[in-house]
Amino acid sequence: MTRLYFDTNIYRFITATSETATVARVLTEHDCILTASSGNLFETYAIQSHEDRRGELKVIVALADEYEHHPVSWLHALELRREIKRLRPKWLRVVVNNRAIRGIRDFLQAHRAEWEEAQEGITPDPDSYAEYRRDFEGGVQRGRNFQKNLRRDLPNPELRVTLTTPAVTAVPVDMTNPEVYWRVESLQAWYSAIEHRNPASRDYDDWLGPYLRPGCFRDPTYHSFWLTEVRNEALPLNRLTSLISFYQLQQKITHGNAEDRLHATHWFASDLFITADRAFHDVLTTTATNHYPNRPLPVLIDRSGNSVAAQLQTILTNHSRVRTS
């Protein structure tokens with residue numbers, strides 16, 4: 001059995017070539033389990049044309065065998081909560097409010113319902129989806145500006161970013177080092193989500209906030225927690241997301257960078273991760289080569305080809321040969 005993940009552009013390519021049935025036969029022939037994600041769904045819901053949106057959703061539902069069990073942001077929060085318990089147990093509430101726990105369960109139930117509704121062809125309510133897109137796009141724009149500014153300054157060998165910590169202490173950090181970069185970006189992202197209630201990071205607050213004591217991230221040791229104490233192996237998904245962000249600085253900064261970082265999480269859980277986006281493929285390949293040499297590399301589909309199914313057949317055949325050799 002081969003666990004497979006398609007970037008959303010693969011479903012879009014299949015829709016354009018009308019090869020849903022052919023691709024389904026190829027996946028069955030090679031005993032594949034294809035996982036769909038909320039990233040796949042919400043990128044599809046963003047399509048302006050109702051007809052195109054409905055057509056791509058049908059392809060996703062027809063091909064995917066399962067839906068991601070938990071949201072990516074929930075997995076990030078779980079990693080961090082466990083590391084906080086190890087390093088800063090006093091940051092955690094002794095007793096978590098029952099209402100908050102029920103809220104988390106409701107959010108998880110809503111996540112599962114997304115797939116059930118997609119299978120029935122039900123798309124999100126336009127008003128609620130518009131609110132989600134507004135907050136998401138705001139976060140995307142801020143992230144693009146940050147990446148553009150940093151990309152502009154990175155060639156400077158003397159570049160050092162000064163981080164102002166909750167203790168109002170200036171801490172110089174070397175953002176040209178990927179292992180420093182991921183810690184700094186994570187530090188900022190979680191602080192913004194929990195202490196500033198950033199709408200674009202609302203999920204982080206939803207999942208982790210109920211477990212935290214108020215103001216705990218304003219602790220004077222918050223910066224050392226992130227910069228020197230958390231373990232790489234304890235936060236693999238948080239680390240991966242920010243490493244992807246770091247290597248995206250080597251490419252043109254695009255609107256899709258934020259969504260690519262979410263998709264990358266599924267690379268960890270898949271035997272084959274397939275995309276038609278050359279820039280994203282290059283970023284993920286560089287990340288894998290530099291930091292995860294034992295993980296399988298992502299695979300690139302050629303968008304200029306006439307058939308997705310033919311390319312998948314070759315990819316899966318080669319994968320089977322490598323696996324059995």
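This is a predicted model: local features need pLDDT of at least 70, side-chain atom pairs count only at pLDDT 80 or more; totals for chains, interfaces and linings use all residues.

Q: In what order do the strands of the open sheet run?
A: The order is 3-2-1-6-7, five strands with parallel pairing. Strands are DSSP runs of E, at least two residues, and helices are runs of H or I, at least four, numbered from the N terminus; two strands pair if DSSP finds at least two bridges between them.

Q: Which strands stand at the edges?
A: Strand 3 (66–67) and strand 7 (299–300); each has a single partner strand, so one side of each lacks a neighbour in the sheet.

Q: And what stands opposite Y67 in strand 3?
A: A36 does. Strand 2 (residues 32–36) pairs with strand 3 over two bridges.

Q: Switching to cores: how many residues does the largest nonpolar core have?
A: It has 50 residues, and those with the most contacts inside it include W190 and F217. Such a core is a set of buried Ala, Val, Leu, Ile, Met, Phe, Trp, Tyr and Cys residues joined through side-chain atoms within 4.5 Å; buried means under 20% relative accessible area, exposed over 50%, partly exposed in between (1.4 Å probe, protein chains only).

Q: Which helix gives the most to this core?
A: Helix 8 (residues 178–195), with eight residues.

Q: Is V95 buried or exposed?
A: V95 is exposed, at 66% relative accessible area.

Note on methods:
Residues are numbered from 1 along each chain as its sequence is written. Side-chain values use heavy atoms; hydrogens and water are left out.
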